[in-house]
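This briefing gathers computed features of one protein model, first for the chain and then for selected residues. Please read it alongside the sequence and the coordinates.

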Amino acid sequence: KTAQEVRDAGHLIGNHTHDHARLTVLSPAEALAQMDDGAGSIERAVGIKPCLFRPPFGQLDDFTESIVREEGLTVVLWNIEVGDLLRDDPSAMAESLESQIDFSGGGIVLLHDIRFTTAEALDKVLTWLDIHHYDPAKPTAVGYDVVDFVEFMRETAASPQPYPSRTALEEARAAAWRKTHAH
């Protein structure tokens, strides 16, 4: 029922495997079963086969990459995370996330919904994002919009990064951050 309510509210539901097993240490048959069983459970619960896939621990090997390609799945990873399963201080987690969001200029945040401290940290970050909301009337001021995944992908595709490597991107982000945060 909850999964159907999530679907009916317009949210995307992606596969994260059946048991959150690290796919890269499983046999090909076990890895395939994890992916297929997860997709099957979702399809039975909400009536839609998921097209998004987040591998546990963000790891794929050659075999699971081939399955992702064959199935036409979109892999969703993240660029901002705080290790919320290992930390207990919501304020420190929020501060770290805010710093990473600020440095990266936004992105996809990895959080887990099974701990109260994570929910507290998320509340703090959402409040911070609201305070630092992007204002189109001030296009040179740093600001953020919280968007759903479809909008994020649309905006990302419309503004591809002109950097030849991840290192070049990170260096450009660092330079831009230093410029906007010079005191």
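A contact here means heavy atoms within 4.5 Å. With that criterion, residues 24 or more positions apart account for 60% of the contacts in the protein chain with a separation of 6 or more. This is a predicted model, in which local features need pLDDT of at least 70 and side-chain atom pairs count only at pLDDT 80 or more, whereas totals for chains, interfaces and linings use all residues. Residues are numbered from 1 along each chain as its sequence is written, and side-chain values use heavy atoms, with hydrogens and water left out.

**Chain as a whole**

- The protein chain holds seven helices and four strands, where helices (H or I, at least four residues) and strands (E, at least two) are DSSP runs numbered from the N terminus.
- Read from the N terminus, the order of these elements is α-α-β-α-β-β-α-β-α-α-α.
- The C-alpha trace spans about 55 × 40 × 30 Å along its principal axes.
- Of the 183 residues in the protein chain, 27% are buried; buried means under 20% relative accessible area, exposed over 50%, and partly exposed in between (1.4 Å probe, protein chains only).
- The protein chain exposes about 11,900 Å², of which carbon and sulfur atoms supply 55%, with areas taken from the Shrake-Rupley method with a 1.4 Å probe and, for residues, only the protein chains shown counting as cover.

**The loop between strand 3 and helix 4**

- D84 is found in the loop between strand 3 and helix 4, and L86 lies in that loop too, which runs between strand 3 (80-81) and helix 4 (90-104).
- D84 is buried yet has no salt bridge, the nearest side chain of opposite charge being R115 at 6.5 Å; a salt bridge would need a side-chain nitrogen of Lys or Arg within 4 Å of a carboxyl oxygen of Asp or Glu.
- The side chain of D84 does reach the backbone nitrogen of H112, at 2.8 Å.
- Leaving aside residues up to four places away in sequence, D84 touches M93, L110, L111, H112, R115 and T118.

**Strand 2**

- V75 sits in strand 2 (residues 74-75) and is partly exposed, with a relative accessible area of 30%.
- Not counting residues up to four places away in sequence, V75 touches F53, P55, L60 and V68.
- V75 and K1 are 74 residues apart in sequence and 26 Å apart in space, C-alpha to C-alpha.

Definitions and conventions. Lys and Arg count as positive and Asp and Glu as negative; His and the chain ends are not counted. A polar contact is a pair of N or O atoms within 3.5 Å; within protein, one must be able to donate a hydrogen and the other to accept it, and residues adjacent in sequence count only if both atoms are side-chain atoms.
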